[in-house]
Amino acid sequence: MFQWPKRGDGAETTSEPFRDIGDLKGQVAVISGSTSGIGLAFARAIASRGGDVVLNGLGDPSEIERTRSELEASCGVQVRYHAANMLRGDEVADMVAYGKHQLGRVDILINNAGVQHVEAVEKFPSDKWEQIIAINLSSTFYATRAAIPIMKAQGRGRIINVASAHGLVASPFKSAYVAAKHGVLGFTKTVALEIAQDNITCNAICPGFVETPKSRSPTRPARAACRKKRSSRM
């Protein structure tokens, strides 16, 4: 922690110590959907800067534990895992409370969990609609609602909602996903206005396509391979 030197002219003023914004030591981040993909990248970035992390997400339990223990050992931080089902608001709220109980505070909340289903509106399964809205939008509400009182008591906090390029523009056959991500942006703006006076920020990011293992399928090869194939035809 760097302390500003005294001016030496008799007009010294007190000021808050300067802190490197890349130093997250002593801070705690709760990240939904963080056992793989973008969420795991967030977790690794925060842990590498000294922040403690609560992971959440689906996957093989042994693989999740391997990831958790590896992250904890390699970065010298505390890493916990909470298996909250993003379809259940009570479990989402418990995930945030768990972070406070286990690690003492919650400084950063990243609402990242998301799923997708592609189908025309007239054929879109109602259960898929409900699932996507619940996981992509409603879980963001439940986690944020649980985190705000904790952050207010601490005097600060940072909430980051992972929306999407589809929160800004639409694509055909993705009605539920587009609706949910537009909702995330509207929710973010409302929350930001409500908590600005409490030294808590609420922002959203809108990634485009990100290549992860889950984004690949037998019918969707890696984009790099597609580009290579197209260039070989030129």
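This is a predicted model: local features need pLDDT of at least 70, side-chain atom pairs count only at pLDDT 80 or more; totals for chains, interfaces and linings use all residues.
Visitor: How many of the contacts in the protein with a separation of 6 or more come from residues 24 or more positions apart?

Guide: Let's start with the size of the protein: it has 234 residues, and 36% of them count as buried. As for contacts with a separation of 6 or more, the share from residues 24 or more positions apart is 63%.

Visitor: Which element gives the largest share of the largest nonpolar core?

Guide: That core has 24 residues, and among those touching the most other members are Met 86, Met 95, Val 96 and Leu 109. The elements β1, α3, α4, α5 and β6 each supply at least two residues of this core. With six residues, the largest share comes from α4.

Visitor: Which residues is Val 96 in contact with, leaving aside its neighbours within four places in sequence?

Guide: Val 96 is one of the residues that touch the most other members of the largest core. Leaving aside neighbours within four places in sequence, its contacts are Val 106, Leu 109, Ala 143, Ala 146, Ala 147 and Ile 150.

Visitor: How many residues are in the second, separate core?

Guide: This one includes Val 77, Val 79, Ile 110 and Val 162. Its count is 15 residues.

Visitor: Are the rings of Phe 141 and Phe 187 stacked or edge-to-face?

Guide: A search of the whole structure finds three aromatic pairs. The rings of Phe 141 and Phe 187 have centres 6.3 Å apart and planes at 80 degrees. Planes over 60 degrees apart count as edge-to-face, so this pair is edge-to-face.

Visitor: How many residues apart in sequence are the parts that this pair ties together?

Guide: Phe 141 and Phe 187 also form one aromatic cluster with Tyr 142. Phe 141 lies in helix α4 and Phe 187 in helix α5, so the pair ties together parts whose separation in sequence is 46 residues.

Visitor: Is Cys 202 buried or exposed?

Guide: The structure holds zero disulfides. Cys 75, at 26% relative accessibility, counts as partly exposed. Buried means under 20%, and Cys 202 is at 5%, so Cys 202 counts as buried.

Visitor: Where is Phe 173 found?

Guide: Most residues other than glycine have a negative phi. Phi of Phe 173, though, is positive, near 70 degrees. At 49% relative accessibility, Phe 173 counts as partly exposed. Its place is the loop between β5 and α5.

Visitor: What is the phi of Asn 199 near?

Guide: Asn 199 is found in the loop between α5 and β6. At 42% relative accessibility, Asn 199 counts as partly exposed. Its phi is a positive value in a residue other than glycine, near 60 degrees.

Conventions
Residues are numbered from 1 along each chain as its sequence is written. Side-chain values use heavy atoms; hydrogens and water are left out. A disulfide is a pair of cysteine sulfur atoms within 2.5 Å. Buried means under 20% relative accessible area, exposed over 50%, partly exposed in between (1.4 Å probe, protein chains only). Rings of Phe, Tyr and Trp (its six-membered ring) pair if their centres lie within 6.5 Å; planes under 30 degrees apart count as stacked, over 60 as edge-to-face and the rest as tilted. Helices (H or I, at least four residues) and strands (E, at least two) are DSSP runs, numbered from the N terminus. A nonpolar core is a set of buried Ala, Val, Leu, Ile, Met, Phe, Trp, Tyr and Cys residues joined through side-chain atoms within 4.5 Å. Contact means heavy atoms within 4.5 Å.
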